[in-house]
Amino acid sequence: MIDELSHEQILRYSRHLLMPEVGLSGQIKLKNSSALVIGTGGLGSPVALYLAAAGVGRLGLVDYDTVDSSNLQRQVIHGTSTVGKLKVESASDRLKDLNPDIRIDVYNEPYTSENAMRIAKEYDVIVDGTDNFPTRYLTNDVCVMLGKPNIYGSIFRFDGQVSVFYAKEGPCYRCLFPEPPPPGLVPSCAEGGVLGVLPGTIGTLQATEAIKVLLGIGQPLIGKLLLYNALDMSFDFVKLKKNPNCRVCGPNADIKELIDYEEFCGVPGHHADDTSAGANWDITALDLKERLALTPNLILLDVREPHELEIAAIEGAKNIPLGEVAQRMSELDSAEEMIVFCKRGSRSARAIEILASAGFKKMKNLKGGINAWAEEVDTSLPLY
Amino acid sequence: MTILRIPTPLRAYTSGKSEVNVSGSKISEALVDLTIQFPAIKSHLFNESGELRPFVNLFVGENNIKDLQGVDTAIKDGDRIMLIPSIAGGWSVK
């Protein structure tokens, strides 16, 4: 137990010490507390920055990605100078500069069923800053099994959700969402986009909840879900109840240990390729270039949204957004060979599934999408 | 008329509308009205046997219909129904 603050620390945290809800004892509590931040991306950036600034004594950061320039629109813990660096190192350097007093442990590895319990058991609260369903279910189940609060935040385009899932005192994530949506029904932000400031708003709310839980003050969002929409500037709250049939926190729970979350969600996690329709369907950008040289009138089907065509387009391609493929397939001729593409290959893979189930056979998926085409064939096109 | 709030991921199937006016005296009728107005949303809410998909959460005011009478939950004029989606964020562009 570290029960004292140095003079420097008293000055650093003086705005906290002035408030009776925190005060000296609260600040010492924060100093002796710990939080695990899963993901150092859009949500993890403000979470880690504010928890470090607040003086939470020990922070764990889990990520295995490297900083990319397309991250900087929202992942404010990183910077232009750290592009290409490991995210956990980039984040850790920024946090040490912000607050050299705290301990930072980095886990440069995917968060999986194999390491999750070992990593999470060291921390008082777990902050879910992940960006995919398998890791969200994993984070939830770990928190239920270890009896720890899960500070939940999630974003998509202009929508955000925040809650504190703490099975000891209220519902867990699975009580609300017993199962994930089938793969393909909810697009990822890499395809659907996200307003850069949105994870700032939601992550800052998560940091607020984490600090309240660590201090034991106020009314945390246990049993409540906050729904935020940035376009409407609406904040709605709904009540959440424990689901008596919850498979992980209910009285008859049958999930007693961690499972295979990628299988459960039917989707690959980060370490799998979600931009392929399967080897039999795929065509590389370079192979497509050769095919076009031989067959210039080969049909190209672009399944991106119309506004994406302003960013980059392949001349002569027919545009039918993925959401309209099922209704508009009469515009396509199944006798003609067709190359289907999108930004990076995952929407076109889904379009191929839809078309294949309707009897289309002569199709290829441009692997890596128009971005691969821009990298390997037409370098005048931008990557996005 | 009851207002049904549509989350961003499903607005692609409601011509971009964030709120849709629906009629009916219970949730099931309001959903039928919604799918008549916007047929493309149907497969996102219901499975092949016509049941609400388990990841679809509907709230009347602050309460989950699962904690009330499910799709038989009564609604009245001026009620606000919210569809709450499962969202996960987005993995980075590779």
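1. Helix axes here are lines fitted to C-alpha atoms over the stretch in contact, with angles running from 0 to 180 degrees between N-to-C directions; helices are DSSP runs (H or I, at least four residues), numbered from the N terminus. This is a predicted model, where local features need pLDDT of at least 70, side-chain atom pairs count only at pLDDT 80 or more, and totals for chains, interfaces and linings use all residues. Residues are numbered from 1 along each chain as its sequence is written, and side-chain values use heavy atoms, with hydrogens and water left out.

2. Have a look at α12 (residues 285–294) and α15 (residues 369–376) of chain A: their axes come within 9 Å and cross at roughly 80°. That counts as roughly perpendicular (65 to 115 degrees). On the α15(A) side, A:Ala372, A:Trp373 and A:Glu376 make the contact (heavy atoms within 4.5 Å).

3. Now the cores, meaning sets of buried Ala, Val, Leu, Ile, Met, Phe, Trp, Tyr and Cys residues joined through side-chain atoms within 4.5 Å; buried is under 20% relative accessible area (1.4 Å probe, protein chains only). The largest has 39 residues, with A:Leu51 and A:Val56 among those with the most contacts inside it. Helix α10 (residues 198–215) of chain A gives the most to this core, seven residues. A separate second core of 32 residues includes A:Tyr107 and A:Val238.

4. For A:Cys172, the nearest cysteine sulfur, that of A:Cys246, is 3.7 Å away. A:Cys172 is buried, at 1% relative accessible area.

Notes. Chains lettered and ligands numbered in written order. Disulfide = S-S within 2.5 Å. Buried < 20%, exposed > 50% of the residue type's maximum accessible area, 1.4 Å probe, protein only. Helix = DSSP H or I, 4+ residues; strand = E, 2+ residues; numbered from the N terminus. Parallel < 35°, antiparallel > 145°, perpendicular 65-115°, else oblique.
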